[in-house]
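This report goes through the packing of one protein chain. Please have the sequence and the model open while reading.

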Amino acid sequence: MKQIYFASAIITATISILLSSCTKLDSKVYNQVTPDNFFQTPQQVNAALAQAYTPMTTIPMGNTFQLNSVSSDELVIPTRGNDWYDGGMWQALWLHNYRPDIKVLNDAWNDISNGIGKCNFLLSTVNQIPENNRPVNLDQIIAEIKVLRAYYYFVFTDLFGNVPLVTDYNVNPTTVKQRSRNEVYNFLENELTTNVPLLQDKAVANYGHINKWGGYMLLAKLYLNAQVYTGTPQWEKAANTADQVIKSGKYNLQANFFDNFIVANEGSVENIFVVPFDFTFIGGNIMVRRSLNGSHMYTYNLGGQPNNGWCAPTAFYRTFSDNDIRKKMWLIGQQYNASGAVLIDVATKKPVILSPYVNELSNPADTFKFAGARSVKYAPQPGAGTNASNDGVVYRLADAYLIKAEAQIRNGQTGDALMLINAIRKRAGLNDWTAADLTLPNILAERGRELAWEGCRRNDLIRFEVADQLPYFTGARNPGKSKDPDNRTFIFPIPANQMISNKNLVQNPGY
């Protein structure tokens with residue numbers, strides 16, 4: 001249950017300080033939390049592990065999400081008057097004019113590195129537990145930390161390519177050299193194949209932790225993108241690993257698509273790995289805050305004005321047909337307040353009529369404040385201000401269906417791909433595909449509709465471009481993006497601040 005996660009998170013900071021300080025003292029200290037007297041009960045273990053999960057709160061909707069989504073075709077952040085310019089970084093991400101000094105790049109690097117460092121710290125700590133005092137499930141605890149670290153490293157190498165590979169807490173990360181993507185891939189494959197089988201099955205008591213099936217989803221993603229990372233496809237491994245999740249019997253497609261994203265979505269039977277959020281205790285769910293118009297606070301009785309920023313590009317919005325239930329994730333047209341009256345914009349005093357058209361990246365006109373479809377995929381929470389309590393979805397069963405279907409088609413085996421895709425389409429209220437519809441461009445479009453704003457679109461576009469030699473990621477798109485001159489933009493530049501702090505880092509080609 002989420003309450004258990006809350007309790008763990010609240011005492012995490014104290015435990016972290018105490019565990020780290022215990023190795024710095026020469027004198028004997030009593031009533032001290034130490035490795036030999038703490039990891040004794042499930043509650044103590046969960047509390048200790050929570051510190052490794054804390055950096056996850058920045059990933060589903062934070063800096064990493066923004067890099068992955070704004071650089072793709074699914075999300076654009078136009079400059080509306082004086083709002084959302086921020087030194088031009090959102091425009092730069094959309095246009096693929098990446099620079100090492102873009103702030104969000106450094107923030108994402110730090111978020112991911114923080115997660116890796118916390119995992120290494122915990123591994124160092126548990127290895128100090130005396131042999132005669134080790135919990136019976138120590139192997140499972142170590143496996144969970146290593147799989148979580150593998151998740152952080154997967155995100156790290158996906159964004160930045162060659163990255164430092166640090167597995168020892170006592171190594172200064174500012175002195176290490178990068179490892180190639182191929183080396184990181186091999187490390188991740190070994191870590192996951194060794195440790196995922198040791199993880200727990202689905203368990204309510206450890207809600208928000210990565211379990212065996214979340215681990216297999218990560219491994220399936222690694223295999224699905226093997227051609228991008230190593231030059232060698234691993235379609236059969238991707239299909240087989242996703243199939244392990246599907247046939248586990250632990251998860252089902254949620255009957256109502258939107259129930260995966262409601263405020264109390266911890267009851268979803270589809271979500272496999274989530275980041276628990278709470279608008280009071282665990283911040284990080286900022287989706288509604290960043291997307292909706294400021295006046296939508298009166299539609300959903302929010303605790304503050306949203307920021308009127310994130311929106312769907314016109315072409316992406318148009319991939320949803322009118323009879324697609326998932327199209328309801330987007331707000332378009334005349335907006336109303338909670339009592340049903342026409343919604344008036346707090347700034348311009350004009351009716352809020354949202355347009356699907358985003359034809360430029362910047363416009364000072366009042367009407368441009370209403371450009372772009374806004375997302376309510378994550379249900380707005382009455383009373384919520386900056387943060388909301390809907391848990392952030394990292395992996396869910398529908399993605400496993402789509403991974404297996406794509407990998408089978410790429411491997412020349414139709415298998416049950418049509419059945420898997422049609423299960424997703426049926427839930428969305430759409431007609432079944434026939435065998436003729438089962439094409440790779442159609443699968444990419446279906447992934448876009450099903451997984452919109454779930455942080456995987458950039459990864460998908462690059463994979464399809466590499467495999468099919470079509471400019472899904474580097475191509476021109478509206479508003480204002482020209483075709484990239486080359487594929488350097490498949491990875492981001494190493495942030496300038498990181499290059500300064502670690503002289504051993506080598507900048508990615510073209511930057």
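Predicted model: local features only at pLDDT ≥ 70, side-chain atom pairs only at ≥ 80, totals over all residues.

As a general point, nonpolar side chains in soluble globular proteins tend to be buried together.

What does Trp330 contact, leaving aside neighbours within four places in sequence? Its partners are Ala312, Phe316, Tyr317, Phe320, Ala373, Arg374, Ser375, Ala452 and Trp453.

## Helix H4

Helix H4 covers residues 63–70 and is mostly covered, with eight of its eight residues buried. The buried residues are Asn63, Thr64, Phe65, Gln66, Leu67, Asn68, Ser69 and Val70.

## The H15 and H17 pair

Two packed helices are described by the angle between their axes and the distance between the axes. For helix H15 (residues 397–410) and helix H17 (residues 440–450), the angle is about 170° and the axes are 11 Å apart. An angle over 145 degrees counts as roughly antiparallel, and H15 and H17 are therefore roughly antiparallel to each other.

On the H15 side, the contact is made by Ala398, Asp399, Leu402, Ile403, Ala405, Glu406, Ile409 and Arg410. On the H17 side, Leu440, Ile443, Glu446, Arg447 and Glu450 take part. By class, this contact has seven nonpolar and six charged residues, and no polar ones.

## Cysteines

How many disulfides does the model contain? The count comes to zero. A disulfide requires two cysteine sulfur atoms within 2.5 Å. The sulfur of Cys311 has its closest cysteine sulfur in Cys456, 19 Å away, which is too far for a bond. Seen from Cys456, the closest cysteine sulfur is that of Cys311, again at 19 Å and too far for a bond.

Are these cysteines buried or exposed? Cys311 is buried, with a relative accessible area of 0%. Cys456 also counts as buried, at 11% relative accessibility, because the cut-off for buried is under 20%.

Notes
Residues numbered from 1 in each chain as written. Heavy atoms only, no water. Buried < 20%, exposed > 50% of the residue type's maximum accessible area, 1.4 Å probe, protein only. Helix = DSSP H or I, 4+ residues; strand = E, 2+ residues; numbered from the N terminus. Axes fitted to C-alpha atoms, helices over the stretch in contact; angles between N-to-C directions. Parallel < 35°, antiparallel > 145°, perpendicular 65-115°, else oblique. Contact = heavy atoms within 4.5 Å. Nonpolar A, V, L, I, M, F, W, Y, C, P; charged D, E, K, R; others polar.
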